[in-house]
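Here is a short report for a first look at this structure. Have the sequence and the model in view as you read.

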Amino acid sequence: MIDEHGKHLAAEEFLAVGSGYRKILAFITRFGLVIGVGVEGTGSYGAELSRVLRTAGLPVHEVNRPNRQARRLRGKSDPLDAYQAAESVLAERGTSTPKSKDGPVECLRVLRAARTSSMKARTISINQIKGILVSAPEQVRSRFRALTSAQLIPALERSRPMGNLTDPDNVTALTLKKLAARYQFLEREILDTDKALAEILRDCAPLLRDVPGVGIEVASQLLVTVGDNPERIATEAQFAALVGVAPIPASSGKTSRHRLSRGGDRAANAAVHHVVVSRLATDSRTREYAARRTAQGKTKKEIMRCLKRYVSRELYRQLTNPQAAPTVTDLRTARQESTSPFARLHATSTPGLAPFLELNEASVETTTSLTNSGTGSMSKKKPKISIDNYRSIT
């Protein structure tokens with residue numbers, strides 16, 4: 001505990017259990033009004049403590065690990081680390097708003113943890129099957145040599161190896177059958193998890209999957225990165241830094257350039273990368289942009305960095321202000337096809353696209369008058385268009 005001037009007041013140790021958390025709450029509130037609580041590891045060991053403190057109405061801040069330079073000078077102990085965390089909150093240095101972890105996004109996180117382990121175990125199973133077949137006796141290999149991976153797993157599971165357990169052929173076939181059964185079980189588990197993820201996404205973020213290149217895997221990962229309280233990410237630039245796509249200056253001398261960021265949530269960065277790769281394969285505008293930037297001398301890494309930045313901007317807007325994606329992906333074509341710059345964009349002329357700007361033609365004041373110029377020629381006044389004539393359609 002420290003006061004508003006940074007003076008050390010008290011430090012005590014408590015058990016990391018429910019009764020200990022209640023004692024912590026009673027301890028910090030007996031000194032008066034609490035303006036902030038710093039907790040290290042709000043996503044792991046400090047998750048329950050953060051939940052208890054937030055329930056009591058106290059402002060909780062995630063603090064970084066203790067400063068190593070200060071630790072070398074002052075030593076290392078739990079009271080010193082606690083005081084340093086409190087000082088970080090008071091100075092607003094190295095703090096952030098933790099995830100609330102009390103909504104559907106937390107359900108997505110738990111399901112994704114199980115799915116990730118299932119995916120890794122499934123990969124290990126198929127690799128073990130292939131490795132055993134490489135060194136298996138010819139009598140076993142000849143039965144499955146011509147089969148693809150999709151055909152191999154069901155064939156191994158249907159096999160009925162019988163014989164003495166001291167026979168290498170029989171033991172090899174029996175082991176392959178068990179590995180195939182394990183693979184099939186993990187496959188069903190992954191499919192069931194995907195169904196659960198899709199159901200949660202339909203309830204909490206139904207429009208996120210409408211973004212091109214975003215599926216169940218990408219959408220769930222982005223929501224987990226943002227958390228149940230997306231308001232903690234105040235700006236789009238903060239989201240770009242969080243997912244590791246903020247441009248990092250890498251200039252030197254007369255060379256001015258930026259490079260890819262190596263920070264941020266790498267799982268979220270992989271999700272954004274997946275969106276970019278998907279659009280490069282399916283979206284014509286993305287391919288045209290890549291070709292144009294290549295002609296300008298940009299490398300593939302620099303183009304990917306730019307595309308990731310654009311995609312993160314689009315994803316942030318969809319996460320914070322969900323809107324249905326229009327059926328027309330490029331509005332410039334619709335504007336170029338209009339006969340007049342003041343023509344209305346009607347939903348009937350462009351199906352599925354609501355007009356973003358409407359011009360009240362009746363309020364356009366067009367005054368044409370003839371005036372005598374110094375040379376005796378005639379001139380016309382330009383039409384006067386008030387800015388009030390435009391109104392946004394929401």
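## Buried and exposed

A residue counts as buried when its relative accessible area is under 20%, and as exposed when that area is over 50%. Residues in between are partly exposed. Lys101 has a relative accessible area of 13%, so Lys101 is buried.

The model is predicted. The protein has 394 residues, and 32% of them count as buried.

## Overall make-up

The secondary structure holds 14 helices and nine strands.

## Two residues with positive phi

Most residues other than glycine have a negative phi. Glu92 has a positive phi, near 55°. Its place is the loop between α4 (78-91) and β3 (95-96). Glu92 is exposed, because its relative accessible area is 69%.

Lys101 is not a glycine either, and its phi is positive at about 55°. Lys101 is found in the loop between β3 and α5 (104-134). Is Lys101 buried or exposed? Lys101 is buried, with the relative accessible area of 13% given above.

## A lysine between two helices

Another loop links α12 (284-295) and α13 (300-320), and Lys298 lies there. Lys298 has a relative accessible area of 33%, so Lys298 is partly exposed. Which residues does Lys298 touch, leaving aside those up to four places away in sequence? They are Arg293 and Ile303.

## Helix α8 and its partners

Two packed helices are described by the angle between their axes and the distance between the axes. Start with α7 (residues 149-158) and α8 (residues 168-204). Their axes come within 8 Å and cross at roughly 120°. That angle makes α7 oblique to α8. The crossing of these two helices is left-handed. On the α7 side, the contact uses Ile153, Pro154, Leu156 and Glu157. On the α8 side, it uses Leu176, Lys177, Ala180, Ala181, Tyr183 and Gln184. By class, the contact of α7 with α8 has seven nonpolar, one polar and two charged residues.

Helix α8 also packs against α9, at an angle of about 60° and with the axes 10 Å apart. That makes α8 oblique to α9. The crossing of α8 and α9 is left-handed. Asp194, Leu197, Ala198, Leu201 and Cys204 of α8 make the contact with Ile216, Ala219, Ser220 and Leu223 of α9. Seven residues of the contact of α8 with α9 are nonpolar, one is polar and one is charged.

## Helix α9 against α11

Helix α9 (residues 216-226) packs with α11 (residues 266-282) as well. The axes come within 9 Å and cross at roughly 145°. How is this crossing handed? α9 passes α11 in a left-handed crossing.

From α9, the contact takes Val218, Gln221, Leu222 and Thr225. They meet Ala267, Ala268, Ala271, Val272, His274 and Val275 of α11. Seven nonpolar and three polar residues make up the contact of α9 with α11, with no charged residue.

Terms used: Residues are numbered from 1 along each chain as its sequence is written. This is a predicted model: local features need pLDDT of at least 70, side-chain atom pairs count only at pLDDT 80 or more; totals for chains, interfaces and linings use all residues. Side-chain values use heavy atoms; hydrogens and water are left out. Helices (H or I, at least four residues) and strands (E, at least two) are DSSP runs, numbered from the N terminus. Buried means under 20% relative accessible area, exposed over 50%, partly exposed in between (1.4 Å probe, protein chains only). Axes are lines fitted to C-alpha atoms, for helices over the stretch in contact, and angles run from 0 to 180 degrees between N-to-C directions. Angles under 35 degrees count as roughly parallel, over 145 as roughly antiparallel, 65 to 115 as roughly perpendicular and the rest as oblique. A crossing is left-handed if the near helix is turned anticlockwise from the far one by less than a right angle, and right-handed if clockwise. Contact means heavy atoms within 4.5 Å. Ala, Val, Leu, Ile, Met, Phe, Trp, Tyr, Cys and Pro count as nonpolar, Asp, Glu, Lys and Arg as charged, and the others, Gly among them, as polar.
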